[in-house]
Amino acid sequence: MNIHSAQFIKGVVGEDGIMYDGTPHVAFIGRSNVGKSSTLNAILERKKLVKTGRTPGKTREINFFKLITDKQQVSYFVDLPGYGYAKLSKKQREELADLIRWYITHPEADTALICLIIDSKVGLSAIDKEFIHLMDIAGKDYIIAANKIDKINQKSQNKLKKELLAEIKPGTKIFYYSAHKGKNINLLREYLFSGSRE
Ligand SMILES: Nc1nc2c(ncn2[C@@H]2O[C@H](COP(=O)(O)OP(=O)(O)OP(=O)(O)O)[C@@H](O)[C@H]2O)c(=O)[nH]1
Ligand SMILES: [Mg+2]
């Protein structure tokens, strides 16, 4: 599978026809700064298509990117703002969390898969667990993607694996990778594009 084209379509902050125009979504959620936008760039092999940043809170809208593969499969890859950014006011944090809740529980959205990204060094936080619970209730398919694996040694990786297995539903698919170094990004990419989940 190769990507024929990847193009930014639009950013939304609420109700919009793009949510349910019949194109399946693969969405990226996670705490602020875990590397959602970097993951999207690494997967698409386009370094600068998605804006990333050192300062958390870089992505503020739900951004839709239209992808067409060489096999003419069309999908939206959806980059969401991060949750839990401490420097925002409580009101701003709540507004962002509400927007993400709205997206991941939307009954009419054509969400094929949600990829919940965590920072391997931080692990699963309380707010991640809240969003996992919401996706379970809404009946959405999701995977866990542990990014920044380059920041931790083997011992910490083993510890993280044990923790995740203890905390999430059995059978949930987990990926350990680095968007920066490219490690295991091919595995994640293939899974996101595979028809097996449909
Ligand atoms: N060490 C390391 N740093 C990474 C990796 N992926 C992303 N980063 C860094 O993490 C920071 C945040 O990256 P973004 O991709 O903007 O993160 P985001 O989750 O989209 O952030 P928000 O949009 O603010 O929620 C940047 O400084 C990236 O360079 C990785 O695999 N390893
Ligand atoms: Mg971002």
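Trainee: Which helix gives the largest share of the shell around ligand 1?
Mentor: In this predicted model, 24 residues stand around ligand 1, and Gly 35, Ser 38, Thr 52, Thr 59 and Gly 82 are the ones that come nearest. When the shell is sorted by element, the largest share amounts to 3 residues, and these come from the helix that covers residues 36-44, namely α1.

Trainee: Is Gln 72 buried or exposed?
Mentor: Gln 72 is found in the loop between β3 and β4, and its phi, near 65°, is positive although the residue is not glycine. Most residues other than glycine have a negative phi. The assignment rests on a count of other C-beta atoms within 10 Å, where 12 or fewer is the limit; because Gln 72 has 7 of them, it is exposed.

Trainee: Where does Asn 184 lie, and how many other C-beta atoms does it have within 10 Å?
Mentor: Asn 184, which also has a positive phi near 65°, lies in the loop between β7 (174-176) and α5 (185-193). Asn 184 is partly exposed, and the number of other C-beta atoms within 10 Å is 17.

Trainee: What is the count of buried residues in α4?
Mentor: Helix α4 runs over residues 154-167 and reaches 20 Å from its first C-alpha to its last, close to the 20 Å expected. This helix is hardly covered, since among its 14 residues the count of buried ones is 1.

Terms used. Residues numbered from 1 in each chain as written. Chains lettered and ligands numbered in written order. Predicted model: local features only at pLDDT ≥ 70, side-chain atom pairs only at ≥ 80, totals over all residues. Helix = DSSP H or I, 4+ residues; strand = E, 2+ residues; numbered from the N terminus. Expected span 1.5 Å × (residues − 1). Buried ≥ 20, exposed ≤ 12 C-beta atoms within 10 Å, placed from the backbone. Near = placed C-beta within 6 Å.
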